[in-house]
Number of protein chains: 2
Amino acid sequence: MNKGELTRQRIIAEAAPLFNQRGYAGCSIQDVMDATGLEKGGLYRHFTSKEELAVEALRYALANSTRIRMENLEGIVGAVERLRCVIKRFVETPSTMPGGCPLMNAAIDCDDGNPMLRQVALEAIQAWRGRLVRVVEEGIERGEIRGEVEPRRIANTIIATLEGALMVSRLEGNKVAQEDARDSLETVLEGLAVR
Amino acid sequence: MNKGELTRQRIIAEAAPLFNQRGYAGCSIQDVMDATGLEKGGLYRHFTSKEELAVEALRYALANSTRIRMENLEGIVGAVERLRCVIKRFVETPSTMPGGCPLMNAAIDCDDGNPMLRQVALEAIQAWRGRLVRVVEEGIERGEIRGEVEPRRIANTIIATLEGALMVSRLEGNKVAQEDARDSLETVLEGLAVR
């Protein structure tokens with residue numbers, strides 16, 4: 001990486017938590033200038049617009065949360081156990097990015113506008129669901145999960161329950177809603193397994 | 001209601017969808033002036049600050065969504081059937097307020113700031129959960145729901161799953177995630193009933 005590319009990456013890394021906490025409208029170029037110590041001209045040498053910077057910041061934040069949530073799943077034996085691990089990590093591993101889940105923040109922030117940010121959030125949801133769907137499908141193929149289970153339904157339910165519970169937990173300042181969600185999803189998982 | 005109070009109510013009703021769609025930072029006083037046709041001085045005759053107007057707008061939006069979601073539940077016989085009705089209404093009844101669920105929007109918008117808005121959202125979550133907890137508790141008392149069911153867990157699970165699924169559905173522009181959530185919650189409900 002040359003110096004210009006290093007500076008660009010540093011701007012993205014420092015802008016990501018600001019956009020994640022404050023939202024697109026709530027995070028100004030001045031905020032990014034303050035955080036990075038760069039002048040406006042220095043920022044615009046690397047990004048053509050605030051929207052381009054916000055898109056790169058969102059991609060960075062999403063890559064970070066996806067890594068925490070989904071990496072090394074392959075080492076876990078059994079499809080139901082893999083899903084259990086995804087749920088456990090989501091509930092127990094605090095995000096390293098201040099401001100909560102970047103996927104939910106971006107989804108709520110841009111569902112009435114910002115088509116570029118919306119597209120990035122949409123692709124992230126679809127990628128996450130795709131990973132979960134494949135875990136369920138492989139479980140069905142290996143005879144671990146009942147054949148009549150609809151993989152998309154399970155994936156959507158896990159994502160919805162975890163994200164909604166995180167929203168409640170962040171608002172309440174405790175983990176009760178997330179722990180309740182984990183316990184209810186455990187019942188869903190128990191219903192998947194071939195007996 | 002005198003004329004001043006009528007104007008105040010009109011401002012709140014017209015500001016509510018703007019704040020709900022654009023968020024606190026994304027909705028300016030100018031936006032409210034444009035929507036209401038009032039001058040800045042006219043607005044500040046009724047509200048001391050943008051925050052006070054945003055709080056009243058959120059209360060208005062929340063009262064609207066609570067009414068759609070929870071009214072006339074008492075007419076439905078059976079605790080499990082009441083919960084089923086709450087889920088069905090949430091999934092099937094489109095909000096009359098543009099911008100999605102005001103509770104989720106406010107929760108995500110203010111979880112890193114805006115303590116007054118955060119407090120209103122927190123009270124709304126607690127009131128909604130309280131209503132659902134009482135439905136489950138009454139079901140247990142009447143012998144319709146198994147005694148070992150934890151009412152708070154069921155209430156948190158319903159809220160989290162519905163809100164998370166709405167987030168996914170709005171992002172994707174279709175109802176698949178909400179219908180999947182409804183089907184999974186149906187399985188949760190079936191597990192509650194005394195057999």
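Colleague: Where is N72(B), and what makes it exposed?

Modeller: N72(B) sits in the loop between α4 and α5 (79-92) of chain B. A residue is called buried if 20 or more other C-beta atoms lie within 10 Å of its own, exposed if 12 or fewer, and partly exposed in between, with the C-beta atoms placed from the backbone. N72(B) has 8 other C-beta atoms within 10 Å, so it is exposed. Its phi is near 60 degrees, a positive value in a residue other than glycine.

Colleague: What about N72(A), then: buried or exposed?

Modeller: N72(A) has 8 C-beta neighbours inside 10 Å, and therefore counts as exposed. It is found in the loop between α4 (50-70) and α5 (79-92) of chain A, and its phi is positive, about 60 degrees, although N72(A) is not a glycine.

Colleague: Before we go on, what should I know about the model and its numbering?

Modeller: This is a predicted model, in which local features need pLDDT of at least 70 and side-chain atom pairs count only at pLDDT 80 or more, while totals for chains, interfaces and linings use all residues. Residues are numbered from 1 along each chain as its sequence is written, and chains are lettered from A and ligands numbered from 1 in the order in which they are written.

Colleague: How do you know how confident the predictor is in chain A?

Modeller: We look at pLDDT, the predictor's confidence in each residue, from 0 to 100. The mean for chain A is 94, and 100% of its residues reach 70 or more. Within chain A, confidence is lowest in α6(A), at a mean of 91, and highest in α8(A), at 97. The model also scores ipTM 0.94 and pTM 0.95.

Colleague: Which elements does chain A have, and how do you know a stretch is a helix?

Modeller: Helices (H or I, at least four residues) and strands (E, at least two) are DSSP runs, numbered from the N terminus. By that rule chain A has 9 helices and 0 strands.

Colleague: What makes A160(B) buried?

Modeller: A160(B) has 27 C-beta neighbours inside 10 Å, so it counts as buried. A160(B) is in helix α8 (residues 151-172) of chain B. Leaving aside neighbours within four places in sequence, A160(B) is in contact with T161(A), G164(A), A165(A), V168(A), A177(A) and A181(A). Here, two residues are in contact if their C-beta atoms, placed from the backbone, lie within 7 Å.

Colleague: How many residues are in the largest nonpolar core, and what makes it a core?

Modeller: A nonpolar core is a set of buried Ala, Val, Leu, Ile, Met, Phe, Trp, Tyr and Cys residues joined through C-beta atoms within 7 Å. The largest one has 112 residues, and those with the most contacts inside it are A121(A) and A121(B). Not counting residues up to four places away in sequence, A121(B) touches L171(A), L103(B), A106(B), A107(B) and C110(B).

Colleague: How many residues of the two chains are in contact, and which element of chain A gives the most?

Modeller: 41 residues of chain A are in contact with 42 residues of chain B. α8(A) gives the most to the side of chain A that touches chain B, with 16 residues. That side divides into 17 nonpolar, 13 polar and 11 charged residues. The classes are Ala, Val, Leu, Ile, Met, Phe, Trp, Tyr, Cys and Pro as nonpolar, Asp, Glu, Lys and Arg as charged, and the others, Gly among them, as polar.

Colleague: Why are the copies said to be related as by a two-fold rotation axis?

Modeller: Copies are superposed by least squares on the C-alpha atoms of residues with pLDDT of at least 70 in both. A rotation of 180 degrees with 0.0 Å of shift along its axis superposes chain A on chain B, at RMSD 0.0 Å. The two copies are thus related as by a two-fold rotation axis. As for where they meet, 100% of the interface residues of chain A are also interface residues in chain B, so the copies meet through the same surface.
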